[in-house]
Amino acid sequence: VFPDIPFAPFVERAEALCKQIADWQFPIKPKTNLTVTVSVGVALFPVHKKDIYQVLECADQALYRAKRTGRNKVVADAA
């Protein structure tokens, strides 16, 4: 939840964060690294819904769409 950030710049920031996290390497054993990815669902209040709980539900649905469609990405609610 980020107040006072316009939609397009927020999506750009979220995409940059996904890339940064995916680029990190976490050494877990000698010569073995763990990589981590992030999926993000985005919804905008009050554009997508007028109730904050409905906005959170929209963001949650967008998150699961991101996971179902390839992970390591940002999906913005289209509602």
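Modeller: Let us begin with burial. A residue is called buried under 20% relative accessible area, exposed over 50%, and partly exposed in between, with a 1.4 Å probe and protein chains only. In the protein chain, buried residues account for 24% of the 79 residues.

Biologist: On what kind of model do these values rest?

Modeller: This is a predicted model, in which local features need pLDDT of at least 70 and side-chain atom pairs count only at pLDDT 80 or more, while totals for chains, interfaces and linings use all residues. Residues are numbered from 1 along each chain as its sequence is written, and side-chain values use heavy atoms, with hydrogens and water left out.

Biologist: How many helices and strands does the protein chain have, and in what order do the elements run?

Modeller: Helices (H or I, at least four residues) and strands (E, at least two) are DSSP runs, numbered from the N terminus. The protein chain holds two helices and four strands, and their order from the N terminus is α-β-β-β-α-β. The radius of gyration, taken over C-alpha atoms, is set against a globule rule of 2.2 Å times the number of residues to the power 0.38. For the protein chain the radius of gyration is 15 Å, well over the 12 Å that the rule gives for 79 residues, so the chain is more spread out than a compact globule. The C-alpha trace spans about 50 × 25 × 15 Å along its principal axes.

Biologist: What do the contacts and the surface of the protein chain show?

Modeller: A contact means heavy atoms within 4.5 Å. Of the contacts between residues at least 6 apart in sequence, 46% join residues at least 24 apart. Accessible areas come from the Shrake-Rupley method with a 1.4 Å probe, and for residues only the protein chains shown count as cover. The protein chain exposes about 5,800 Å², of which carbon and sulfur atoms supply 59%.

Biologist: How many positive and negative side chains are there, and how far apart do the centres of the two sets lie?

Modeller: Lys and Arg count as positive and Asp and Glu as negative, whereas His and the chain ends are not counted. Each charge is placed at NZ of Lys, CZ of Arg, CG of Asp or CD of Glu. The protein chain has 11 positive and 8 negative side chains, with 10 Å between the centres of the two sets.

Biologist: Which residues form the largest nonpolar core?

Modeller: A nonpolar core is a set of buried Ala, Val, Leu, Ile, Met, Phe, Trp, Tyr and Cys residues joined through side-chain atoms within 4.5 Å. Here the largest one has eight residues, namely I5, F10, V11, A14, C18, V40, V42 and V74. Both α1 (7-23) and β3 (40-42) supply at least two residues of this core, and α1 gives the largest share, four residues. With residues up to four places away in sequence left out, I5 touches F10 and R13.

Biologist: Where is V75 found, and is V75 buried or exposed?

Modeller: V75 is part of strand β4 and is buried, at a relative accessible area of 14%. Not counting residues up to four places away in sequence, V75 touches V40, G41, V42, A62, R65 and A66. V75 and K19 are 56 residues apart along the chain, and their C-alpha atoms are separated by 14 Å.

Biologist: How should I read a positive phi?

Modeller: Most residues other than glycine have a negative phi. R71 has a positive phi of about 65° although it is not a glycine; for N72, also not a glycine, the positive phi is about 50°. R71 lies in the loop between α2 and β4 (74-76), and N72 is found in the loop between α2 and β4. R71 is exposed, with a relative accessible area of 51%, while N72 is partly exposed, at 32%.

Biologist: How exposed are K67 and L56?

Modeller: K67 belongs to helix α2 (residues 52-68) and is partly exposed, with a relative accessible area of 35%. L56 also lies in helix α2 and is partly exposed, at 42%. L56 and Q25 are 31 residues apart in sequence and 31 Å apart in space, C-alpha to C-alpha.
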